[in-house]
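Student: Before we start, let us go through some labels given to residues and residue pairs. I would like each label set against its definition.

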Amino acid sequence: MTQAEPAVLSLVHEQRQLARDRIERAAARVLADKGLGATVEEVAAEASVSIRTVFRHYGTRDHMIATALRAQLQHYPDTLPVPEPGATLESWLPELLRGVHRVNALLGRAYWEMAALGDTLTGELGDVAAARLAGRTRFVNTVARGAWRLNGNRSRPPSWLVDLFAIHVSSFTTRELVSDFGRSIDDVALMSSRVLISAVRWASSDPAARRGARVAESQAKKAQPPQ
């Protein structure tokens, strides 16, 4: 190998990566608009590359779509705020929900189609849908626990409260209010934060809800395998 060859190989690799990044950004835009039915032709046109170039990099349409969706899901949590020291429920939750609904809107149609179609998807798209569901479950539980703790609770939040959080961080909530009712992202975030803050406050002060949370925590501990 000559001294020039490593530099040439590095340049080729860089050009390939730039092309893939360009295609994946284009795929994300098309998926947001067209959903999981997006075609290679549409993505190639959006990326200003040939159809042959897309197939050379990804092999199949499903692999191209799955790769773009994985990249979006991987970066989803990175775009959302975490509670800073001294944060309160009122300062953190509206900001978080604004970020959630903004990202949901940007992800668009393909994201809620994955949720709607669920386990009917197969192959690579089925794998991505399963990863989305697992990540969403972790995210909902983390957010619900975080809000519950910020309100001074140390037990697990009641299961109905976790379910309420799941509804209000859902892409379906974003689409319903933004697309069907013409609400802005800020409108949706404000509504969701008001509902959730009220629910957390009520559950924290209601004796029956607190007892239910303690029972749920006790049952969860009993269900854990011995160390």
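**Labels and cut-offs**

Student: Why is Glu-124 called partly exposed?

Tutor: Its relative accessibility is 26%. Buried means under 20% relative accessible area, exposed over 50%, and partly exposed in between (1.4 Å probe, protein chains only), so Glu-124 counts as partly exposed. A caution on the source: this is a predicted model, in which local features need pLDDT of at least 70, side-chain atom pairs count only at pLDDT 80 or more, and totals for chains, interfaces and linings use all residues. Residues are numbered from 1 along each chain as its sequence is written, and side-chain values use heavy atoms, with hydrogens and water left out.

Student: What makes the pair Glu-124 and Arg-70 a salt bridge?

Tutor: The N to O distance between their side chains is 3.4 Å. A salt bridge requires a side-chain nitrogen of Lys or Arg within 4 Å of a carboxyl oxygen of Asp or Glu, so the pair of Glu-124 and Arg-70 qualifies. The pair links distant parts of the chain, 54 residues apart: Glu-124 is in helix α7 (residues 123–150) and Arg-70 in helix α4 (residues 61–75). Helices here are DSSP runs (H or I, at least four residues), numbered from the N terminus. Arg-70 has a relative accessible area of 35%, and is therefore partly exposed.

Student: How many salt bridges does this rule give?

Tutor: The count comes to 7. One of them joins the side chains of Glu-46 and Arg-29, at 2.8 Å from N to O.

Student: Why are Glu-46 and Arg-29 called partly exposed?

Tutor: Glu-46 has a relative accessible area of 38% and Arg-29 has 43%, so each gets that label.

Student: Is Glu-113 buried or exposed, and why?

Tutor: Buried, because its relative accessibility is 14%. Its salt-bridge partner is Arg-109, with the closest N and O atoms 2.8 Å apart. Arg-109 is partly exposed, because its relative accessible area is 35%. Both residues lie in helix α6 (residues 109–117), 4 residues apart, about one turn of the helix.

Student: Why does Ser-192 count as buried?

Tutor: Its relative accessibility is 0%, so Ser-192 counts as buried. The residue lies in helix α10 (residues 185–205).

Student: What makes the link between the side chains of Ser-192 and His-168 a polar contact?

Tutor: The distance is 3.1 Å. A polar contact is a pair of N or O atoms within 3.5 Å; within protein, one must be able to donate a hydrogen and the other to accept it, and residues adjacent in sequence count only if both atoms are side-chain atoms.

Key
Helices (H or I, at least four residues) and strands (E, at least two) are DSSP runs, numbered from the N terminus.
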